[in-house]
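Here are my notes on this one, in the order I'd read them with the model open.

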Amino acid sequence: MKKALVIGATGMDGSLMVDLLLSKGYFVYATFYSKTNLKEQENLNWFFFDLSDDNLVFSLLSIHVHESIDEVYNFGGVSFSPDSIRMPSYTMDVNYRSVMRLLAWVEYKKCKFFQSSSSEVFGKIKNLTLNENSSRNPHTPYAHAKNLVDMMLRYMREQGYPVYNAISFNHECNLRGEQFVTKKITKFVAEIVNHKRVGKLKLGNIHSKRDWGYAPDFVEGFYEMMQGEPQELIFATAKTHSVLDILEISFSSQGLKWQDYVVIESELVREDERDNLIGDYSKALQSIKWCPKKHFDEMIIEMVELEKNKK
């Protein structure tokens, strides 16, 4: 039986990866920082893990994962870029320095290592199609930390280490955190339908565009990537949609008009807006035969329906 460690297993991607690995017959070690919604099942071993604790990274992993292991997937750390601006030192610690400590443990265990990176590494730009060789100009602590890790992994691959990094563009599903606009809108619509919401939804620039994909598609790609040669790949859809598109799809799917429920407030417009960036996933298509499957409309409607039917 193969064994894997998933760090940050209560987040969206981490949770999806745990489920995928279990479905493929793995024994999974999974870390949590908060005990929210921990599912207990066979071949799954949870343990608490604080990426910011320098003294505990190596010792905790050695205590809980005391046997040979095949794959490590790191989804831990600060995941919402605006948060990193409020706490830059903490972000650099858990998104960069902690990964350096993890890599020392991975080298000791002689296993494969996957790092979740982000299109944020390309910086504050607009109206561009980006691939693995595009220039980078990270502009937030989150982006800087991700970029530094990417550069280290590139160096390690040159030295023969089995390390992988996925530069993911925006990807969503019903497990997305409520601070993200896709979940904010789809949850609001579900609550309107279920008569659990009064008042208006406040949004900023609804014409902002993103390359939005379906998280389960991306996570399947991460797994397939780890079964091949160590490399860096972009995961995206090569299409963009606007926040307005999310509003129209979400509300119309329930027979509602978004204009009746939404207020646009200028103070919510982000100054560092990255807009209309498209990810070129052709390398992933060529090397691991990966491409996005679920369409944007289907994803948004699924998010509304799952939120609406949540018990």
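1. Pocket ground rules first. On a 1 Å grid over the protein atoms alone, a pocket is an open set of points with protein on both sides within 12 Å along at least five of seven lines, and lining residues have an atom within 4 Å of a point. Points are joined across faces, edges and corners, and the volume is the space filled by probe spheres set on them. Also, this is a predicted model: local features need pLDDT of at least 70, side-chain atom pairs count only at pLDDT 80 or more, and totals for chains, interfaces and linings use all residues. Residues are numbered from 1 along each chain as its sequence is written, and side-chain values use heavy atoms, with hydrogens and water left out.

2. The second largest pocket comes to about 220 Å³. Its lining consists of Trp212, Gly213, Thr237, Lys239, His241, Tyr281, Pro292, Lys293, Lys294, His295 and Phe296. Sorted by class, that gives four nonpolar, four polar and three charged residues (Ala, Val, Leu, Ile, Met, Phe, Trp, Tyr, Cys and Pro count as nonpolar, Asp, Glu, Lys and Arg as charged, and the others, Gly among them, as polar).

3. Now the sheet. Helices (H or I, at least four residues) and strands (E, at least two) are DSSP runs, numbered from the N terminus, and two strands pair if DSSP finds at least two bridges between them. Seven strands make an open, parallel sheet, ordered β3-β2-β1-β4-β5-β7-β12. At the edges sit β3 (44-48) and β12 (232-235), each pairing on one side only. From one strand to the next, the twist averages 20 degrees.

4. Two strand pairs to look at: β4 (residues 71-74) runs parallel to β5 (residues 112-118) over four bridges, with Tyr73 partnered by Phe114 in β5. β7 and β12 also pair in the parallel sense over four bridges, and there Ala166 has Leu233 of β12 as its bridge partner.

5. Which strands does helix α4 touch? Helix α4 (residues 88-109) packs on the sheet against β1 (3-7), β4, β5 and β7 (163-168), its direction making about 160 degrees with that of β5. Contact here means heavy atoms within 4.5 Å; axes are lines fitted to C-alpha atoms, for helices over the stretch in contact, and angles run from 0 to 180 degrees between N-to-C directions. Helix α7 (residues 215-226) touches β4, β5, β7 and β12, at about 155 degrees to β7.

6. On burial: buried means under 20% relative accessible area, exposed over 50%, partly exposed in between (1.4 Å probe, protein chains only). β12 is covered on both faces, with Glu232 and Ile234 buried on one side and Leu233 and Phe235 on the other. Ser116, in strand β5, is buried at 10%. Leaving out residues up to four places away in sequence, Ser116 touches Asp13, Asn74, Phe75, Lys146 and Ala166.

7. Helix α8 (residues 243-252) has seven of its ten residues buried. Those buried residues pack against α6 (181-193), β9 (201-203), β13 (241-242), β14 (262-264) and α10 (296-308).

8. Asn127 is not a glycine, yet has a positive phi of about 55 degrees; Asn127 lies in the loop between β5 and β6 (129-130) and is exposed at 56%. Ala238, also not a glycine, has a positive phi of about 65 degrees. Ala238 belongs to the loop between β12 and β13 and is partly exposed at 38%.

Conventions. 1 Å grid on protein atoms, 1.4 Å probe; cavity = no way out; pocket = protein on both sides within 12 Å on 5 of 7 lines; lining within 4 Å.
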